[in-house]
Every structure is written in C-alpha cells, then in structure tokens.
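This report goes from the whole chain to selected elements and residues. Please keep the sequence and the coordinates at hand while reading.

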Amino acid sequence: MKYGRTYNFSAGPAMMPEPVLEEIAAEMMNYRQSGMCVMEMSHRSKVFQQIRDEAEADLRKLMGIPDNYKVLFIQGGGTVQFAMVAMNLMKNGLGCYVETGAWSKKAIAEAKKYGEVKIVASSADKNFSYIPDCSNLDIPENADYVYICENETINGTTYFQLPNTKGKVLVSDQSSMFLSRPCDVEKYGLIWGGVQKNVGPAGMAVVIIREDLIRDDLPKFVPTYMSYKTHADNDSLYNTPNCWAIYCCGKVFKYLLAGGGLEAMHQRNVEKAQILYDFLDQSKLFTGAVRKEDRSLMNVPFVTPSKEQDADVVTASKAAGFDNLKGHKSVGGLRASIYNAMPKEGVEALVQFLSKYEKEHS
C-alpha cells in the first residue's frame with residue numbers, strides 16, 4: 001500500500017484500485033489537454049460524450065452484454081432502484097421477492113408502495129444466514145418479475161445458483177458483487193448495481209435492462225426521471241448525469257479488462273475469501289455468520305462470543321491500522337468487505353491481526 005493508505009474493509013463507499021486512483025489524480029487538473037477537470041466539463045461536450053461512450057463499450061465487453069440490452073447510468077443508489085424497478089416493471093401489479101436480508105427487505109418495503117408483493121422464499125427463520133431453496137418457487141401466473149438481492153452486503157450471503165423463475169423475468173440487485181465474477185446477462189431481465197461498493201464513487205447505479213422491458217405506458221404518477229425509457233432514449237444524458245462517477249467507473253472497467261476480465265478477477269476473489277474463511281473455520285474465538293455453501297466472496301460477517309468483545313476487536317483493529325471492521329448497526333458483530341480492489345495482502349494482514357488477537361485473548 002502506498003501513500004500511507006489503510007486497508008479499508010468498508011462495505012461502501014469502498015476501496016478503489018490504486019492504479020485507477022493514480023490515473024485519476026494525474027488527470028485531475030487537466031483531462032487529456034481539455035484544460036479542465038472532468039468535474040468541470042459539460043455533459044454535452046464531445047470530450048465527455050467520449051468518456052460515457054467508452055465506459056459503456058468497455059462494460060459491454062467485460063460482461064458480454066447482448067445488443068438487446070440497454071446500459072443506463074442513473075443517479076442515486078439502491079434506494080432509487082428499489083422504487084424504479086417496481087414503478088417500471090409492475091405492469092400487472094405483482095412482484096415476487098426472495099427475502100434474504102436487509103437489502104431485499106428494503107426493496108420489498110418500497111415495492112409495496114406501488115403494487116402487490118409476494119415473498120416466495122425467505123431465510124428470516126435463521127436470521128438470514130443462508131440462501132433459501134429457490135428451485136421450485138410458487139410464482140403466480142400474473143407475476144411481473146422475480147426479484148433477488150444476489151449478494152446481501154450486510155448479511156454476507158450470495159447466490160451460487162439462480163432461482164427457477166418459471167419463465168418470469170429475473171431482476172437482480174448485484175450492488176455488492178457487481179463485476180466480481182462472470183455473469184450470464186441473458187439469464188436476467190434487469191440487473192442493477194450501486195457502484196460505490198465495487199466499481200466507483202457513490203451516487204450512481206448501473207442498470208442493465210432488456211429492451212422489451214422498457215415501457216412507455218407507465219402510470220402518470222411515475223416522475224419523468226424515474227422511467228427507464230427516459231434514460232434509454234437519451235443515452236443516460238436526459239439531465240446532467242453523475243459525470244464524475246461515470247468517468248471513474250470507466251477507469252475501473254478498463255482496469256478490469258487489462259487485468260484479464262471477470263474470470264481472472266473471480267479467481268483472485270476466491271483466493272482472497274478462502275484465506276479469511278479458512279482462518280474463521282479453525283478459530284476458537286471468531287465464528288463465521290453464514291452457512292458455508294452460501295458465503296459471499298465480497299462481504300464476510302463474523303462474531304466473537306460477546307458484543308463487548310466484538311467492540312474491543314474493532315477498537316484494536318483501528319489501532320493496528322485497519323478500518324471499518326464493525327458490523328452493520330442492524331446486525332452487529334464484525335464484517336470485512338473484501339471487494340475487487342482489496343489486495344490479497346490486505347486479507348492476509350487482517351488474518352494475521354485476528355490470529356494475534358486470538359492468541360492474546362484466549
């Protein structure tokens with residue numbers, strides 16, 4: 001790590017790749033001889049249009065996005081998308097949701113404002129510590145879509161097998177796993193991800209939506225900005241977009257392509273997560289909070305025997321140069337988010353710290 005930077009295990013906003021930050025810093029005052037910073041330039045300028053177009057082209061290449069899907073850069077994060085999905089896709093007024101933790105619960109609560117919600121599977125019975133069986137869901141014939149949070153940031157679970165949607169549209173919140181592993185886009189009708197976890201700075205979501213799901217017959221109460229068609233028809237430039245986030249994400253897309261793409265990134269993420277999970281599995285003080293077969297590669301929640309000791313570990317970790325190991329306020333405990341930009345050395349250093357702490361407090 002350079003510049004005295006810390007290993008930041010925050011769930012988001014999170015670490016970005018150092019080579020990307022260095023490139024951004026070098027272009028800060030004068031982007032490619034334009035005489036200005038990207039934050040200063042018009043979103044209608046040819047210079048920014050090239051930034052936007054390259055970002056979309058590189059993301060399409062990374063994910064293998066088919067031509068019949070639109071890529072949208074939309075201001076706001078998950079809270080906006082919870083509403084937009086329901087507003088835009090509830091044609092029959094019924095959405096099916098799989099309840100797997102804090103973020104799917106928030107999506108469910110928001111969707112209920114715009115139509116009927118049916119929870120077709122849930123892991124609430126065991127405090128959202130696993131992914132429920134989704135192989136034979138009871139999905140009504142008039143359901144508009146099936147919604148999942150594919151990686152629960154707070155609860156630390158992830159899907160390794162997608163639900164059987166019985167032919168209905170699959171919608172996925174991929175925020176905390178976006179671009180961490182290969183993705184077969186054609187299995188989904190809509191994918192969205194807040195970029196502040198694994199891709200760029202906060203304030204934007206990337207939406208990948210199949211063209212046939214973009215409607216022009218939305219209810220009158222839907223604001224113009226909350227229509228996917230508004231963004232699709234205007235190349236995400238209907239109003240001033242989050243230019244800075246688009247620019248930074250575009251840098252990350254190029255960084256991932258140069259590093260071997262999503263398959264190579266996935267292998268690195270598997271290796272990193274294995275280091276931490278192997279330690280937790282043999283530890284007598286720290287315990288992983290998720291069923292083994294459903295463990296996230298991105299967010300790793302764990303606990304000690306008491307809340308007091310959890311708090312002591314957080315305090316000790318800060319003194320040792322680590323940051324943001326405290327679990328989310330809704331669940332407590334500890335959590336290490338080890339996104340793409342977290343180097344393997346950071347995970348190894350964390351395990352060394354936890355091992356040392358355990359020896360000193362056994």
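## Overall architecture

The protein chain holds nine helices and 14 strands. The model is predicted. Along the principal axes, the C-alpha trace of the protein chain spans about 65 × 60 × 30 Å. A compact globule of 362 residues would have a radius of gyration near 21 Å, and the value for the protein chain, 21 Å, agrees with this.

Of the 362 residues in the protein chain, 57% are buried. Taking contacts between residues at least 6 apart in sequence, 68% join residues at least 24 apart.

## Surface and charge

The protein chain has an accessible surface of about 15,800 Å². Carbon and sulfur atoms account for 49% of that surface.

There are 41 positive and 43 negative side chains in the protein chain. The centres of the two sets lie 2 Å apart.

## The three-strand sheet

Strands β11, β12 and β14 form an open sheet in the order β11-β12-β14, with antiparallel pairing. β11 and β14 stand at the edges with a single partner strand each, so one side of each has no neighbour in the sheet. Strand β12 covers residues 299-303, and four of its five residues are buried, so β12 is largely enclosed by the rest of the structure.

How many bridges hold β12 to β11, and how many hold β12 to β14? Strand β11 (residues 287-288) pairs with β12 over two bridges, while four bridges join β12 to β14 (residues 334-337). Both pairings are antiparallel. Phe302 of β12 is the bridge partner of Gly288, and Phe302 also stands opposite Leu334 in β14. Another pair facing each other is Val300 and Ala336, the latter in β14.

Helix α4 takes in residues 102-111. Its buried residues are Ala102, Ser104, Ala107, Ile108, Glu110 and Ala111. In an α-helix there are 3.6 residues a turn, so residues three or four places apart point the same way.

Which elements do the buried residues of α4 pack against? One of them is a helix, α3 (78-89). The others are the strands β3 (94-99), β4 (116-122), β5 (145-149) and β6 (151-152).

## Phe253 in helix α6

Phe253 lies in helix α6, which covers residues 243-258. Is Phe253 buried or exposed? The cut-off for a buried residue is under 20% relative accessible area; Phe253 has 0% and is therefore buried.

Apart from neighbours within four places in sequence, Phe253 is in contact with Ala55, Asp58, Leu59, Leu62, Leu179 and Val199. Phe253 and Val20 are 233 residues apart along the chain, and their C-alpha atoms are separated by 9.9 Å.

## Asp294 in the β11-β12 loop

Asp294 is found in the loop between β11 and β12. With a relative accessibility of 8%, Asp294 counts as buried.

What does Asp294 touch, once neighbours within four places in sequence are left aside? Asp294 is in contact with Tyr130, Ile131, Gly156, Thr157, Thr158 and Phe160. Met63 lies 231 residues from Asp294 along the chain, and the C-alpha atoms of these two residues are separated by 23 Å.

How values were computed: Residues are numbered from 1 along each chain as its sequence is written. This is a predicted model: local features need pLDDT of at least 70, side-chain atom pairs count only at pLDDT 80 or more; totals for chains, interfaces and linings use all residues. Side-chain values use heavy atoms; hydrogens and water are left out. The radius of gyration is taken over C-alpha atoms; the globule rule is 2.2 Å times the number of residues to the power 0.38. Buried means under 20% relative accessible area, exposed over 50%, partly exposed in between (1.4 Å probe, protein chains only). Contact means heavy atoms within 4.5 Å. Accessible areas come from the Shrake-Rupley method with a 1.4 Å probe; for residues, only the protein chains shown count as cover. Lys and Arg count as positive and Asp and Glu as negative; His and the chain ends are not counted. The place of a charge is taken as NZ of Lys, CZ of Arg, CG of Asp or CD of Glu. Two strands pair if DSSP finds at least two bridges between them.
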